[in-house]
Amino acid sequence: VENSDDAIITKNLDGIITTWNKGAQRIFGYTAAEAVGKPVMILIPEDRQHEEPAILTRVRSGDRVDHYETVRRRKDGTLLDVSLTISPVRDQRGEIVGASKIARDITELRRAREALQESHHELEKRVMDRTSSLREAIAQMEEFSYSVSHDLRAPVRAMQGYAKAVLEDYGEQIGEDGRNYLARIVRSGERMDRLVRDILTYSRVARAELTFRPIALNMLVEDIINQYPEMHPPRARIMVDQRLGTVSAHEASLGQAISNLLNNAVKFVASDVTPEVRVYSEERGEWIRLWVEDNGIGIRPDHQARLFGLFQRVHPDKKYEGTGIGLAVVRKSIERMGGRVGMESKGAGSKFWIELKRAL
Amino acid sequence: MTAQRTPILLVEDDDHDVFFLRRALLKARPDLSLHVVTDGEQALDYLDGRRNYADRTMYPLPSLMFLDLKLPYFNGFQILEHLRGIPALAEMPVFVLTSSSEDRDRNRAIALGAKAYLVKPPTAEMLLQVLESSAKGASDTG
């Protein structure tokens with residue numbers, strides 16, 4: 001008792017201090033000689049003096065007061081935060097004759113608590129600020145790509161449209177060369193339009209809000225193939241394994257990725273070869289790897305590393321129309337869903353894969 | 001006084017796009033007349049028969065409408081919304097004609113009652129097809 005860090009004080013039912021330990025001296029500044037015999041009120045600030053009668057009433061009726069947090073006053077007049085535990089003291093006959101009071105200095109604790117609360121508020125405020133500026137950035141981005149899709153494409157469409165109109169209405173008069181030049185304007189416009197559309201797709205994939213749900217790969221692959229006439233006989237043959245499995249993914253992003261892979265698979269094929277594509281999958285622990293294997297022209301090993309980068313075309317040949325964005329879209333969408341992409345090609349044919357978490 | 005032929009209303013702010021629609025319509029249905037307004041406010045005025053368009057002899061209610069989405073003052077979606085509140089125009093087919101191929105726009109336009117969603121540029125074949133489909137759907141207005 002004597003060496004406790006806490007102040008341990010007893011008082012009688014009149015509120016007069018009867019014992020006073022070292023801890024009490026340390027905390028309140030009075031020595032035992034100064035405190036014993038004095039009213040306990042010397043420790044209570046003016047505005048808290050109403051607490052004492054209430055405490056005494058409880059003690060008289062035999063109740064304890066546990067961890068009551070309040071403010072007390074030191075000898076030098078400074079205030080400190082304390083936690084009080086007060087229990088009745090009984091004499092040999094069991095009569096309540098006073099109270100023992102354990103006072104713990106919680107000034108530091110209270111400060112720490114307040115600091116914690118303050119930094120908590122600060123943090124909350126910062127999160128809110130960041131979230132709102134992020135929202136703003138996303139809204140601006142959406143506004144931007146909306147403008148791109150409308151405003152940037154409009155002049156291209158107009159150029160194409162007028163070139164076509166001249167071809168149709170005056171083609172006879174302007175001769176072979178003239179018609180050829182106009183056709184080139186139309187083709188360049190088409191290419192520009194395709195570039196803008198592909199960039200839009202990329203930005204859409206890059207910023208889409210992802211919601212995950214189990215996606216049955218067979219159903220998705222089938223839906224995609226049904227959308228493209230160039231993926232059906234006689235133009236191409238796509239063989240899809242029966243049990244591709246179910247992955248956890250954002251449907252639109254995954255659909256975009258698979259559709260780009262399938263489009264590439266039927267596109268980059270020698271002109272005298274009918275595209276043959278095989279789609280299958282393998283389980284790798286908690287992952288499912290979906291393979292798209294083609295009989296196309298293949299990709300040289302030294303080109304494979306940059307294949308998934310933006311604006312990378314490894315077949316700049318006029319025969320193969322492309323913007324160099326398709327595989328970047330594949331990588332962006334799969335990586336945003338926590339998955340991986342890759343490819344293998346040895347001479348003829350390529351095998352592309354995407355890997356996503358299996359749905360539970 | 002000759003009876004005013006019920007026109008097609010085109011809401012389009014880009015004069016190139018006005019030219020291309022006129023040209024395609026001329027090839028598809030040279031018998032149909034086209035009235036053009038170039039912003040959302042004019043479109044609402046025309047449909048409500050207000051201000052410059054108060055005279056229904058000069059500006060009769062259109063039998064159908066081609067509507068761009070991105071327009072000054074009021075956009076295409078707002079016009080579609082407004083149309084829902086006019087019983088006299090509830091039956092008028094509205095064809096959205098836009099450069100946006102975004103599903104988001106398509107779904108919203110259809111949900112707001114657009115009869116079809118067409119992506120620019122318009123061609124004579126495209127116009128013939130939608131005009132035929134709207135003629136099939138509509139009751140005979142003479």
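Me: How many bridges join strand β1 to strand β2 of chain A?
Reply: In this predicted model, strand β1 of chain A covers residues 7-12 and strand β2 of chain A covers residues 17-20. The two strands run antiparallel, and the number of bridges that join them is three.

Me: What area is buried between chain A and chain B?
Reply: The size of an interface is often given as the accessible area lost when the parts come together. Chain A brings 16 residues to the contact and chain B brings 18 residues. Carbon and sulfur atoms give 45% of the area buried between chain A and chain B, which comes to about 1500 Å². Of the part that chain A buries against chain B, 41% is supplied by three residues, more than by any other three, namely A:Tyr146, A:Arg157 and A:Tyr162.

Me: Which residue of chain A forms a salt bridge with B:Asp17?
Reply: Across the interface of chain A and chain B, seven residue pairs are in polar contact, and the count of salt bridges between the two chains is four. In the salt bridge of B:Asp17, the closest N and O atoms are 2.9 Å apart, within the 4 Å cut-off. The partner of B:Asp17 in chain A is A:Arg157.

Technical notes
Residues numbered from 1 in each chain as written. Chains lettered and ligands numbered in written order. Predicted model: local features only at pLDDT ≥ 70, side-chain atom pairs only at ≥ 80, totals over all residues. Heavy atoms only, no water. Pairing = 2+ DSSP bridges. Helix = DSSP H or I, 4+ residues; strand = E, 2+ residues; numbered from the N terminus. Contact = heavy atoms within 4.5 Å. Buried area = accessible area lost by both parts, 1.4 Å probe. Salt bridge = Lys/Arg side-chain N within 4 Å of Asp/Glu carboxyl O. Polar contact = N/O pair within 3.5 Å; in protein donor to acceptor, adjacent residues only side chain to side chain.
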